[in-house]
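I opened my notebook beside the model today. Here is what I looked up, entry by entry.

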Amino acid sequence: MEKIIDENKQGDSLVLDQKTENTRKLYIESYGCQMNFSDSEIVASILAKEGFNTTQQLEEADLVLVNTCSIRDKAEQTVRKRLEKFNAVKRINPNMKVGVLGCMAERLKNKFLEEEKIVDMVVGPDAYKDLPNLIQEIDEGRNAVNVILSKEETYGDVAPVRLNSNGVTAFVSITRGCDNMCTFCVVPFTRGRERSRDPQSILEEVTDLVNRGFKEVTLLGQNVDSFLWYGGGLKKDFEKASEMEKATAVNFAGLLALVAEAHPKLRIRFSTSNPQDMTLDVIETMAKYKNICKYIHLPVQSGSNRILKEMNRLHTREEYFELIDNIKRILPECAISQDMIAGFPTETEEDHQDTLSLMEYVKYDFGFMFAYSERPGTLAARKMEDDVPEEIKKRRLTEIINLQQKHGLYRTKEHVGKTEEVLIEGTSKKSEEHWMGRNTQNTVVVFPKEQYKIGDFVNVKINDCTAATLIGEAVGYSENN
């Protein structure tokens with residue numbers, strides 16, 4: 001759950017500059033969170049070297065890949081429908097091969113390959129470097145599978161190809177896997193234990209993006225705050241590290257400072273944070289560097305201590321409040337967003353009221369809210385009965401959404417009358433005459449285009465707002481250009 005899902009991007013097929021020497025066609029669709037879209041860029045980079053050009057025409061593809069998410073039932077059902085579509089095309093084009101990548105692939109490998117026989121290839125999220133070998137297997141008529149989970153960061157030396165990018169913002173993966181065994185989440189089982197990338201390889205990737213004109217990067221991980229590099233290996237094995245390794249280790253605050261100092265004009269964001277792992281030094285580093293955006297996605301999932309314990313969240317309501325208080329004290333202008341689950345097993349009306357009261361305390365800028373749905377392979381699915389009736393889940397979710405919209409408007413109104421720096425990302429969805437960008441708090445800002453262009457940093461005077469969008473007018477370029 002603790003990953004931001006952009007509904008507008010679900011199922012996007014990726015396009016890459018064509019290489020004249022490449023003779024085969026690749027069609028790749030992505031579902032799920034930013035990590036999956038980032039992984040698709042890595043896959044495209046690897047396959048470009050194997051003779052594949054991308055296509056948006058499914059019917060002409062030699063290889064069709066769908067990069068999947070196992071987080072929500074809706075995503076899984078969508079992917080299944082797409083696989084049925086691919087197989088219908090396959091009957092017309094029998095040479096076409098179909099593969100499933102990512103989290104869902106790891107979890108459903110036997111079902112896809114043996115029981116349902118709907119794909120030729122299953123590739124887990126740590127096995128993309130093995131794609132050339134796997135493609136050779138399916139070319140020779142054998143099914144191919146590699147879902148082995150790596151103990152090392154796997155793609156530090158693969159330069160991702162930026163696909164369908166606006167050329168302004170980019171994602172850089174810094175960790176893979178997760179050690180937090182939240183009972184509702186399948187990530188530790190599909191992406192393995194937590195391991196971090198070499199900070200040097202991260203800096204090199206960021207520098208390459210800056211050199212190519214990108215103005216903002218988001219450092220990505222299931223749990224970025226627990227980033228820890230001590231020469232390689234799993235986070236949980238750090239206690240066995242040598243004294244020298246411990247002395248020269250780089251934590252997340254250290255990584256943020258490295259990137260911020262290397263590129264003072266580059267905007268830096270990160271996602272996702274976990275309340276029990278966010279330390280004061282991260283918040284203090286955010287306050288120290290102007291180019292680290294003042295926005296934290298801080299999933300809480302529930303406001304009830306009893307439910308937090310059932311979820312195996314390693315923090316209490318009171319500890320969460322303390323963290324919020326520290327953020328507001330050190331970074332008073334910081335925006336905070338949430339993930340919330342309504343109707344987790346055994347949730348009572350009192351638990352639900354605790355969630356609403358927590359929201360009242362924080363008054364989040366925005367949020368990602370879901371009704372609980374059982375995910376196969378999770379501890380909750382194995383050990384807990386999904387006992388909250390659907391209509392109660394829906395009613396509680398509606399109350400959460402309504403309260404969030406009220407708080408969203410409260411927060412956007414705080415910006416009205418201020419002049420704020422906005423990075424232009426593209427044309428507004430609602431008007432060809434307006435630009436769309438975001439301020440440091442990650443709030444969308446729209447304003448008339450005038451002479452400005454995509455990638456410019458512009459000072460915008462905020463005149464009006466909705467619950468999710470700020471409306472203003474440019475007053476000039478910011479000093480960041």
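**Entry: terms and ground rules**

I count two residues as in contact when heavy atoms lie within 4.5 Å. My helices (H or I, at least four residues) and strands (E, at least two) are DSSP runs, numbered from the N terminus. Buried, for me, is under 20% relative accessible area, exposed is over 50%, and partly exposed is in between, with a 1.4 Å probe and protein chains only. This is a predicted model, where local features need pLDDT of at least 70 and side-chain atom pairs count only at pLDDT 80 or more, while totals for chains, interfaces and linings use all residues. Residues are numbered from 1 along each chain as its sequence is written, and side-chain values use heavy atoms, with hydrogens and water left out.

**Entry: helix H7**

I began with helix H7, residues 199–211. Which of its residues are buried? I noted Pro-199, Ser-201, Ile-202, Leu-203, Glu-205, Val-206 and Leu-209. Their cover includes strands E8 (169–173), E11 (216–220), E12 (228–229) and E13 (250–251), along with helix H9 (252–262). Then I checked the length: the expected span is 1.5 Å times one less than the number of residues. For the 13 residues of H7 that gives 18 Å, and the end C-alpha atoms are 18 Å apart, so the two agree.

**Entry: confidence**

I looked up pLDDT, the predictor's confidence in each residue, from 0 to 100. The chain averages 86, and 89% of the residues score at least 70. Over residues 150–156 the value is below 50, though this stretch has 26 contacts in the model beyond near neighbours in sequence. A note to myself: where pLDDT is low, the predicted coordinates should not be read in detail.

**Entry: helix H5**

Next came H5, residues 131–139, where Leu-131, Leu-134, Ile-135 and Ile-138 are buried. Why do they line one face of the helix? Seen down the axis of H5, the buried residues fall within an arc of 100 degrees, so they share one face. The arc is that of the directions from the helix axis to the C-beta atoms. After H5 comes Gly-141, with a positive phi near 90 degrees.

**Entry: strand E4**

Strand E4 (residues 63–68) is mostly covered, with 6 of its 6 residues buried. Leu-63, Leu-65 and Asn-67 point one way, and Val-64, Val-66 and Thr-68 the other way. I recalled that in a regular strand the side chains alternate between the two faces of the sheet. Two strands pair if DSSP finds at least two bridges between them. E4 runs parallel to E2 (residues 24–30), joined by 5 bridges, and parallel to E5 (residues 97–102), joined by 6 bridges. Ser-30 has Asn-67 in E4 as its bridge partner, and Leu-65 has Gly-99 in E5.

**Entry: a sheet of 3 strands**

I then found an open sheet with the order E15-E16-E17 and parallel pairing. Strands E15 (295–297) and E17 (366–371) stand at the edges with a single partner strand each, so one side of each has no neighbour in the sheet. The twist averages 10 degrees from one strand to the next. Helix H15 (residues 390–413) packs on this sheet, touching E16 and E17, and its direction makes about 175 degrees with that of E17. Such angles run from 0 to 180 degrees between N-to-C directions, and the axes are lines fitted to C-alpha atoms, for helices over the stretch in contact.

**Entry: single residues**

Leaving out residues up to four places away in sequence, Thr-355 touches Ser-302, Gly-303, Ser-304, Met-340 and Ile-400.

The peptide bond from Ser-271 to Thr-272 is cis, with omega near 5 degrees. Thr-272 sits in the loop between strand E14 (267–271) and helix H10 (280–288).

Asn-312 is not a glycine, yet has a positive phi of about 60 degrees. I found Asn-312 partly exposed, at 31%. Glu-450, also with a positive phi, of about 50 degrees, is exposed at 52%.
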